[in-house]
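Here is a report to read with the model open next to you.

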Amino acid sequence: MRKDVRILLVGEPKVGKTSLIMSLVSEEFPDVVPYRAEEITIPADVTPERVPTHIVDYSEAEQTDEQLFQEISKANVICIVYSVNNKKSIEKVTSHWIPLITENTDKDSRVPLILVGNKSDLVEHSSMETILPIMNQYTEIETCVECSAKNLKNISELFYYAQKAVLHPTGPLYCPEKKDMKPLCVNALTRIFRVSDLDNNGILSDNELTFFQRTCFNIPLEPQALEDVKNVVRKNLSDGVCEDGLTLKGFLCLHTLFIQRGRHETTWTVLRRFGYDDDLELNQDYLFPPLKIPPGCTTELNHNAYLFLQSVFDKHDKTVCTNDQGWITYQGYLSQWTLTTYLDVQRCLEYLGYLGYSIVAEQESQASGITVTRDKKIDLQKKQTQRGVFRCNVFGDSGSGKSGFLQAFLGQNLMCQKKIREEHRSYYAISTTYVYGQEKYLLLHEVFPDFDYLSDDDMACDIVCLLYDVSNPYSFEYCAKIFKQYFMDSKIPCMMIAAKSDLPEIKQMYRCSPLEFCRIHRMLPPQPFTCNTATAPSRDIYTKLTTMAMYPHARLRCMCTCNRCTFCLCQNFLNSELLQTVRAKLYAVVLRRHISQADLKSSTFWLRVSVGATVFAVLGFAMYRVLLKPR
Ligand code: GDP
Ligand code: MG
């Protein structure tokens with residue numbers, strides 16, 4: 001909303017400009033007035049629209065043309081005052097004042113005009129006959145009003161209309177010549193209708209109308225008022241009401257009626273609530289609410305936003321959940337959103353805005369749908385993460401099978417991949433995996449194999465995949481070089497993938513074998529992988545990757561991740577929060593024992609505790625080793 005409104009009064013001398021202002025302020029007609037009233041400011045709380053309003057007088061006797069031009073360019077709305085008993089003052093409206101104002105204002109943002117016929121107490125007849133043709137000729141004239149400073153008729157109305165002309169201009173909404181709403185306004189209201197039509201049946205039911213009313217006006221709609229609204233539409237349009245609800249046509253008709261009856265502030269309230277600005281474009285604040293993302297943090301959708309997106313998907317999903325025809329599934333749809341949130345959170349906010357997230361989910365802004373994760377460094381320190389999305393950058397020489405590795409994650413085997421058109425290929429693939437029963441997103445990013453130039457984005461990830469082609473003896477060298485140059489000293493876990501494992505393996509031309517290389521650098525042995533399968537390729541490798549990304553510290557890693565075997569259960573136990581807290585507490589106790597030697601009284605107690613802790617740790621480790629042995 002705007003900060004304030006500046007109203008300027010112009011017109012021929014002696015038409016009563018100064019008297020009108022004085023009458024408004026003192027609520028009585030002043031017998032004697034100065035040439036020009038001082039500028040007055042009406043505080044926000046006493047104006048009908050709750051905006052501070054400045055009223056500015058003009059006097060030819062006291063002001064130069066230059067001063068007048070300046071005032072015109074500063075004004076938000078201009079009242080051209082004439083006297084109803086003075087023909088000449090009416091003539092001057094078109095011959096002098098309107099052209100003068102047009103010359104001194106910006107062509108793109110025409111200032112609204114109001115024609116004010118003063119001294120209505122002096123005549124029996126109305127000046128409207130002369131005024132209406134002028135109104136039709138100049139679209140910038142917002143309205144006209146006849147009033148009298150002398151008997152205080154229509155004075156407060158006049159200033160209310162002026163305020164309204166600024167705050168709720170008809171210009172962007174309505175075309176007086178065509179007697180219809182403008183296309184941009186129709187577009188905006190159509191979007192509002194679609195967002196409010198929660199079940200997407202093309203009709204606003206009573207429930208949906210009530211929700212709409214509460215969102216826009218903050219007051220419930222009485223059952224009788226609901227009926228009245230529908231009856232008004234029925235009267236004006238045969239197909240405006242259907243199945244006892246409002247159709248899009250009916251909704252648009254209702255707003256046309258509001259505007260035609262001078263109640264365009266109602267339409268503006270609706271438009272603004274759904275994020276539109278004065279030019280009927282979605283507001284920057286609505287689409288891009290401020291969101292701070294410190295370095296080391298990533299962006300994810302929160303539960304609330306997922307629920308909303310689920311409802312949007314259900315609302316538009318008229319197909320069954322299948323991807324045989326390549327239609328996006330619910331799973332794929334949420335993955336796409338997750339990807340957008342991770343890589344381009346501004347765009348995600350913008351799209352949430354178009355879909356009306358903050359309105360439908362009754363949130364303060366689109367930003368309340370986003371979780372900014374904590375810095376990765378803290379995750380590593382605490383050996384715990386709350387993230388739901390993990391990024392894996394995939395490195396490999398050209399032709400080593402990176403794209404196949406990405407596509408296989410989406411369930412596409414080699415046969416299916418051949419059908420994907422070049423322009424539809426992406427350097428990203430995202431889907432869900434299950435790590436110890438929790439659903440997590442894994443985001444694979446294929447890094448362009450340009451050894452000399454790696455961007456920060458190519459380096460920043462939760463896990464690195466180094467992929468070579470077992471049938472190409474020259475492909476391992478690239479992985480070894482990348483690892484040595486970029487990741488050997490970093491804390492990011494790395495995994496070696498032996499791709500195209502369906503083909504016969506050929507000895508790699510490198511000073512040591514991939515297996516040896518992995519052993520030397522304390523990596524897991526190369527993981528065989530192929531996407532040349534009859535059905536969808538195996539997902540095990542992706543679960544492993546996500547697990548490693550989640551627990552980069554875990555040294556004794558169970559790599560089967562079946563989540564059922566003893567090893568998985570043991571791993572679950574070791575990673576469980578309970579054990580972590582117990583362990584942290586015990587450490588703290590032992591530490592304190594060393595520091596506060598003064599606390600002699602309880603020293604035997606602390607001794608017992610620390611011995612207990614050691615026994616516990618040794619036993620735990622032994623148990624784990626025993627369980628691991630049979631493998
Ligand atoms: P300005 O030059 O446009 O500012 O006009 P003024 O406010 O100075 O008014 C000029 C004359 O018209 C004064 O004598 C006022 O008393 C008189 N006047 C102003 N408004 C009215 C009105 O509504 N009715 C009547 N009868 N006289 C008015
Ligand atoms: Mg005056």
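Let's start with the word "contact": two residues are in contact, or touch, when they have heavy atoms within 4.5 Å. What you are looking at is a predicted model, in which local features need pLDDT of at least 70, side-chain atom pairs count only at pLDDT 80 or more, and totals for chains, interfaces and linings use all residues. Residues are numbered from 1 along each chain as its sequence is written, chains are lettered from A and ligands numbered from 1 in the order in which they are written, and side-chain values use heavy atoms, with hydrogens and water left out.

Arg36 sits 26 residues from Glu62 along the chain, and their C-alpha atoms are 7.4 Å apart. You'll find Glu62 in the loop between β3 (53-56) and α2 (65-74). Those labels are DSSP runs numbered from the N terminus: helices are H or I with at least four residues, and strands are E with at least two.

Is Glu62 buried or exposed, or something in between? Its relative accessible area is 48%, so Glu62 is partly exposed. The cut-offs are these: buried means under 20% relative accessible area, exposed over 50%, and partly exposed in between, with a 1.4 Å probe and protein chains only.

Now hop to Thr139, in the loop between α4 (128-137) and β6 (141-146). Thr139 is partly exposed because its relative accessibility is 46%. Leaving out residues up to four places away in sequence, Thr139 touches Pro176 and Glu177. Its C-alpha atom is 9.2 Å from that of Leu113, a residue 26 places away along the chain.

## Around ligand 1

How many residues surround ligand 1? There are 17, and the closest are Lys14, Thr18, Ser19, Asp121 and Ala149. To be counted here, a residue needs one heavy atom within 4 Å of the ligand. Helix α1 (residues 17-26) gives the most to this shell, with 3 residues.

Some N and O atoms come within 3.5 Å of each other, which is the cut-off for a polar contact.

| Residue | Atom in the residue | Atom in ligand 1 | Distance |
|---|---|---|---|
| Gly16 | backbone N or O | oxygen | 2.9 Å |
| Lys17 | polar backbone atom | oxygen | 2.8 Å |
| Asn118 | polar side-chain atom | nitrogen | 3.1 Å |

On its own, ligand 1 has 570 Å² of accessible area, and the protein covers 83% of it. Accessible areas come from the Shrake-Rupley method with a 1.4 Å probe.

Most residues other than glycine have a negative phi. Lys14 is in the loop between β1 (5-11) and α1, and it is exposed, with a relative accessible area of 69%.

Asn154 also has a positive phi, about 60 degrees, although it is not a glycine. Look for Asn154 in the loop between β6 and α5 (155-167). At 23% relative accessibility, Asn154 counts as partly exposed.

## Rings in pairs

Rings of Phe, Tyr and Trp (its six-membered ring) pair if their centres lie within 6.5 Å; planes under 30 degrees apart count as stacked, over 60 as edge-to-face and the rest as tilted. By this rule there are 22 aromatic pairs. In one of them, the ring centres of Phe212 and Phe251 are 5.6 Å apart and the planes meet at 75 degrees, so the pair is edge-to-face. Phe212 belongs to helix α7 (residues 206-217) and Phe251 to helix α9 (residues 248-260), so the pair ties together parts that are 39 residues apart in sequence. Phe212 is buried at 6% relative accessibility, and Phe251 is buried at 1%.

Phe313 and Tyr330 make a tilted pair, 5.3 Å centre to centre with 50 degrees between the planes. Elsewhere, Tyr468, Phe476, Phe483, Tyr510 and Phe517 form one aromatic cluster.

## Zooming out

The protein has 25 helices and 19 strands. Of its 631 residues, 47% are buried.

Definitions and conventions. Polar contact = N/O pair within 3.5 Å; in protein donor to acceptor, adjacent residues only side chain to side chain.
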